Amino acid sequence: MNVDTNVGIGLPVGDPAALLTWARRADAGPFSTLGLLDRLVYDNPEPLVALAVLAGATARVRVQTEVLLAPLRDTALLAKQAATLDRMTDGRLVLGLGIGGREDDHRATGTDLRTRGRRLDRQMETMCRLWHGEPYGDGVGPIGPVPARLGGPELLFGGFKPAALERVARWGDGFLAAAAPSWAGGLFDTVRGFWKEYGRDGEPRLVAQVNVALGPPAVIDDARARMHAYYAFTGMPDRMVDGMLTTPADIRAAITAYADLGVDEVMLYCYGLDPDQVDRLADVL
């Protein structure tokens, strides 16, 4: 493909022990980033812990939360964890953040679903201060270590509502869009508008996520079943599964479509467990 857009791999969550195989193959291939989703009340690995292990097993690829549900976590501890991983990977951490829409996740941590956006904004104020080496406040000193980049790791925000898109310009470096090209273009334009409104230099980093499965029918069926289970809470899992791309031509077309929208990176998110998909997807590029 004659496309300059970087391409990453979104890792499946069904078998944490297998992720080392995925990561090593991706690191040896053409991929730019390893992404991992976040849920609490679900059978998935905790992303910061898992990505720390994967970062230690790789040398080149970035590791990205896609997205980490920050309101579920203690703010000071999250700031320390992210700074530690960023420092120990020499800046390979990309911290994608979101608020989460599952009531059970928030019930498990005692956080208020109704105020999760406001909580994330308060968290960002604190974490950005800590990542600049400033004291926590109220008689509490700084919380290290200093991240690889002063001010913290690269920050992406996910979401669809205006408040989430504005958050990119207020706090972040870029936007992660889990939307088809036909919908993503409008989201990108809104993000760019907020970016200019806040007087930010340059352009926001734009990252798109598309669900894929590549291989024989058993691999595709496995991916569809796992994706269906993951999105069952939405009440429309069939619609979500219908958007999965399962042929090289469709995947190439999607990457090209996102590139035409100015996207910097496309994350090919896999739900199926077959690690040979890494090599098949590499052949697509």
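This is a predicted model: local features need pLDDT of at least 70, side-chain atom pairs count only at pLDDT 80 or more; totals for chains, interfaces and linings use all residues.

Trainee: Is Thr65 buried or exposed, and what is its relative accessible area?
Mentor: Thr65 is found in strand β3. Leaving out residues up to four places away in sequence, Thr65 touches Leu36, Pro47, Leu48, Leu51, Val94, Leu95 and Gly96. Since buried means under 20%, Thr65 counts as buried, with a relative accessible area of 0%.

Trainee: Which residue has its backbone oxygen 2.8 Å from a polar atom of the side chain of Thr65?
Mentor: Among the residues that Thr65 touches are Val94, Leu95 and Gly96. The backbone oxygen that lies 2.8 Å from a polar atom of the Thr65 side chain belongs to Gly96.

Trainee: Where does the cis peptide bond that involves Val67 lie, and what is its omega?
Mentor: Val67 has its place in strand β3, which covers residues 62-69. The cis peptide bond joins Glu66 and Val67, and its omega is about -5 degrees.

Trainee: Which residue is joined to Pro145 by a cis peptide bond?
Mentor: Pro145 lies in the loop between α5 and β5, where β5 covers 154-158. The bond has an omega of about 5 degrees, and the residue that it joins to Pro145 is Gly144.

Trainee: Is Asp38 buried or exposed, and at what relative accessibility?
Mentor: Asp38 lies in the loop between β2 (33-36) and α2 (47-56). Leaving aside neighbours within four places in sequence, Asp38 is in contact with Asn44, Pro47, Val67, Leu68, Leu69, Arg73 and Tyr230. Because the limit for buried is under 20%, Asp38 counts as buried, and its relative accessibility is 6%.

Trainee: How are the rings of Tyr42 and Tyr230 arranged?
Mentor: A search of the whole structure finds 7 aromatic pairs. In the pair of Tyr42 and Tyr230, the ring centres are 5.3 Å apart and the planes stand at 90 degrees. Planes over 60 degrees apart fall in one class, so the arrangement of Tyr42 and Tyr230 is edge-to-face.

Trainee: How many residues apart are Tyr42 and Tyr230?
Mentor: Tyr42 sits in the loop between β2 and α2, while Tyr230 sits in helix α8, residues 217-230. The pair therefore links distant parts of the chain, and the separation of Tyr42 and Tyr230 is 188 residues.

Trainee: Which residues closest to its centre line the largest pocket?
Mentor: The largest pocket has a volume of about 1,500 Å³. Of the 48 residues that line this pocket, the closest to its centre are Gly159, Phe160, Ala178, Tyr231 and Met240.

Trainee: Which helix gives the largest share of the lining of the largest pocket?
Mentor: The largest share amounts to 4 residues. The helix that supplies them covers residues 116-131, and its name is α5.

Trainee: Is Asp138 buried or exposed?
Mentor: Asp138 lies in the loop between α5 and β5, and its phi is near 55 degrees, a positive value in a residue other than glycine. At 81% relative accessibility, where the limit is over 50%, Asp138 counts as exposed.

Trainee: What distance separates the C-alpha atoms of Ala282 and Ile9?
Mentor: Ala282 lies in helix α11, residues 276-284. Along the chain, Ala282 and Ile9 are 273 residues apart, and their C-alpha atoms are separated by 9.9 Å.

Notes: Residues are numbered from 1 along each chain as its sequence is written. Side-chain values use heavy atoms; hydrogens and water are left out. Helices (H or I, at least four residues) and strands (E, at least two) are DSSP runs, numbered from the N terminus. Buried means under 20% relative accessible area, exposed over 50%, partly exposed in between (1.4 Å probe, protein chains only). Contact means heavy atoms within 4.5 Å. Rings of Phe, Tyr and Trp (its six-membered ring) pair if their centres lie within 6.5 Å; planes under 30 degrees apart count as stacked, over 60 as edge-to-face and the rest as tilted. On a 1 Å grid over the protein atoms alone, a cavity is a set of points where a 1.4 Å probe fits but cannot get out, and a pocket is an open set with protein on both sides within 12 Å along at least five of seven lines; lining residues have an atom within 4 Å of a point. Grid points are joined across faces, edges and corners, and a volume is the space filled by probe spheres set on the points. A polar contact is a pair of N or O atoms within 3.5 Å; within protein, one must be able to donate a hydrogen and the other to accept it, and residues adjacent in sequence count only if both atoms are side-chain atoms.
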